[in-house]
Amino acid sequence: MTIAQVAASARRSLGPYCESECRALCCSKGILPIDAKSQPRFGNPGSFIVLDNGCPHLFASKCRIYQNRPSACREYPIWVRGNTVTLSTGCPGVQSGKFYAHERQLLRLGATVLRQ
Ligand code: SF4
Ligand code: SF4
């Protein structure tokens, strides 16, 4: 497995927790870094969108554009840049150690794992 594959597996594993327990905190109260390609969809000129009032695409704790959601949303809460993997400390899943097994795998693959 590659670092990117382990990260993808970690994101997938978090899905049920996101839906049933966290209920889309990152979409309703978090901050997601939005890349330039994604900005038009949000109409936000900055490089970050602050979702204090919730994302306009969030409805009943579900993303209405899930299949076409921005890459920032697809990546969250794990960013992979080369051998560096960053976990978002704003995510309750990260905070409660849901990724410990994946972190061990990433370290075995030589990744540097950061929290931010
Ligand atoms: S904040 Fe983390 S646990 Fe909560 S919905 Fe977002 S990715 Fe899932
Ligand atoms: S586009 Fe969808 S996944 Fe992204 S913040 Fe909005 S509701 Fe969440």
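Ligand 2 is surrounded by 10 residues, of which C27, C55, L58, C63 and C73 are the closest, a residue being counted as near a molecule if its C-beta atom, placed from the backbone, lies within 6 Å of it. This shell divides into eight nonpolar residues, one polar and one charged, where Ala, Val, Leu, Ile, Met, Phe, Trp, Tyr, Cys and Pro count as nonpolar, Asp, Glu, Lys and Arg as charged, and the others, Gly among them, as polar. The model is predicted, and local features need pLDDT of at least 70, side-chain atom pairs count only at pLDDT 80 or more, and totals for chains, interfaces and linings use all residues. Residues are numbered from 1 along each chain as its sequence is written, while chains are lettered from A and ligands numbered from 1 in the order in which they are written.

Around ligand 1 there are 13 residues, with C18, C22, C26, C91 and G93 coming nearest. Two or more residues of this shell are given by each of α1 (3-22), α2 (25-28) and α5 (92-95), helices (H or I, at least four residues) and strands (E, at least two) being DSSP runs numbered from the N terminus. The largest share, four residues, comes from α1, and the shell around ligand 1 comprises 11 nonpolar residues, two polar and no charged.

Within α1, the residues V6, A7, A10, L14 and C18 are buried, that is, 20 or more other C-beta atoms, placed from the backbone, lie within 10 Å of their own. The buried residues of α1 pack against β5 (78-81), β6 (84-87), α5 and α6 (100-108), with contact taken as C-beta atoms, placed from the backbone, within 7 Å. After α1 comes R23, whose phi is positive, near 55°.

Methods. A residue is buried if 20 or more other C-beta atoms lie within 10 Å of its own, exposed if 12 or fewer, and partly exposed in between; C-beta atoms are placed from the backbone. Two residues are in contact if their C-beta atoms, placed from the backbone, lie within 7 Å.
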